[in-house]
Amino acid sequence: MFRAFSSKRKTGAVPVYLNVYDLTPINGYAYWLGLGIYHSGVQVHDVEYAFGAHEYPTTGIFEGEPRQCPGFTFRKSILIGRTDLGPREVRAFMEKLAEEYTGNTYHLITKNCNHFCNDACLRLTGKPIPRWVNRLAKIGLICNCVLPIGLHEDGEFPSRSCCVSLLPVLASFRGKTQKSQIFENDGAGIGRFRFPFL
């Protein structure tokens, strides 16, 4: 149905970027070792799409302004490849992808924002994101035996303890902001941040 699902796609007219954000100041040092704790989003047609956690079986994919994800420090933008999809086709693609990425399926180690970005980039361009972006999650998967029980794949809503849960991060970003003022679902499967204080 969507041309985006071709894993052999290598060319196109529209650039697809991976926007990478620091979650901690320690990344300033860890980055040079090929490590770090990162949030990422996929930018296509001047819209950034990302994935985060919440407790409901609705989409965890949200869109926002490129390089402006609240609560995170922008690090860099990386050109992953190109696609031929127009803005409406990309939106339809993301709505279809939203069926696989619900907020209550988020997992810090096995299904986080970087996994979403890798999946989206592979389907849009045929190219993966750089390995260093999600390296700590891969290390965590290998070293699962030393992780707290809440981070194991069978733990109950493990993302509560991580810093990429959508609503708590955004609520702390503004302090007095209510959930309904921060994140809304347009009914089509993609969430959108809105800030009444801007």
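**View 1. Ser77 is a partly exposed residue of strand E5 in this predicted model.** Ser77 has a relative accessibility of 24%. That value counts as partly exposed because buried means under 20% relative accessible area, exposed means over 50%, and partly exposed lies in between (1.4 Å probe, protein chains only). Ser77 lies in strand E5. Strands (E, at least two residues) and helices (H or I, at least four) are DSSP runs, numbered from the N terminus. Tyr17 is 60 residues away from Ser77 along the chain. Yet the C-alpha atoms of Ser77 and Tyr17 are separated by 6.3 Å.

The model is predicted: local features need pLDDT of at least 70, side-chain atom pairs count only at pLDDT 80 or more, and totals for chains, interfaces and linings use all residues. Residues are numbered from 1 along each chain as its sequence is written, and side-chain values use heavy atoms, with hydrogens and water left out.

**View 2. Strand E1 pairs with E5 and with E2.** E1 covers residues 14-22. Seven of its nine residues are buried, so E1 is largely enclosed by the rest of the structure. E1 and E5 (residues 73-83) run antiparallel, joined by nine bridges. E1 and E2 (residues 38-44) are also antiparallel, with six bridges. Two strands pair if DSSP finds at least two bridges between them. Look for Val20. It stands opposite Lys76 in E5. Val20 also stands opposite Ser40 in E2.

**View 3. The largest nonpolar core holds 30 residues.** A nonpolar core is a set of buried Ala, Val, Leu, Ile, Met, Phe, Trp, Tyr and Cys residues joined through side-chain atoms within 4.5 Å. Leu18, Val42, Ile61, Met94, Leu97, Phe116 and Leu124 touch the most other members. Strands E1, E2, E3 (47-51) and E5 each supply at least two residues of this core, and so do helices H2 (87-97) and H3 (113-125). H3 gives the largest share, five residues.

**View 4. The whole structure has zero disulfides.** A disulfide is a covalent bond between the sulfur atoms of two cysteines. Here it is taken as a pair of cysteine sulfur atoms within 2.5 Å. Cys113 is in no disulfide, and its nearest cysteine sulfur, that of Cys117, is 6.2 Å away. Cys121 is in no disulfide either. Its nearest cysteine sulfur is again that of Cys117, 6.2 Å away. Cys113 is buried, at 2% relative accessible area. Cys121 is buried too, at 0%.

**View 5. Ile37, Leu136 and Ile139 make a nonpolar surface patch.** Accessible areas come from the Shrake-Rupley method with a 1.4 Å probe; for residues, only the protein chains shown count as cover. Patch residues have over 30% relative accessible area and no salt bridge; nonpolar side chains (Val, Leu, Ile, Met, Phe, Trp, Tyr) are joined within 5 Å, like charges within 9 Å. A salt bridge is a side-chain nitrogen of Lys or Arg within 4 Å of a carboxyl oxygen of Asp or Glu. Leu136 sits in helix H4 (residues 135-142). Leu136 is partly exposed, with a relative accessible area of 36%.

**View 6. His45 and Arg67 have positive phi values.** His45 is in the loop between E2 and E3, and is partly exposed at 27% relative accessibility. Arg67 lies in the loop between strand E4 (61-64) and E5. At 40% relative accessibility, Arg67 is partly exposed.
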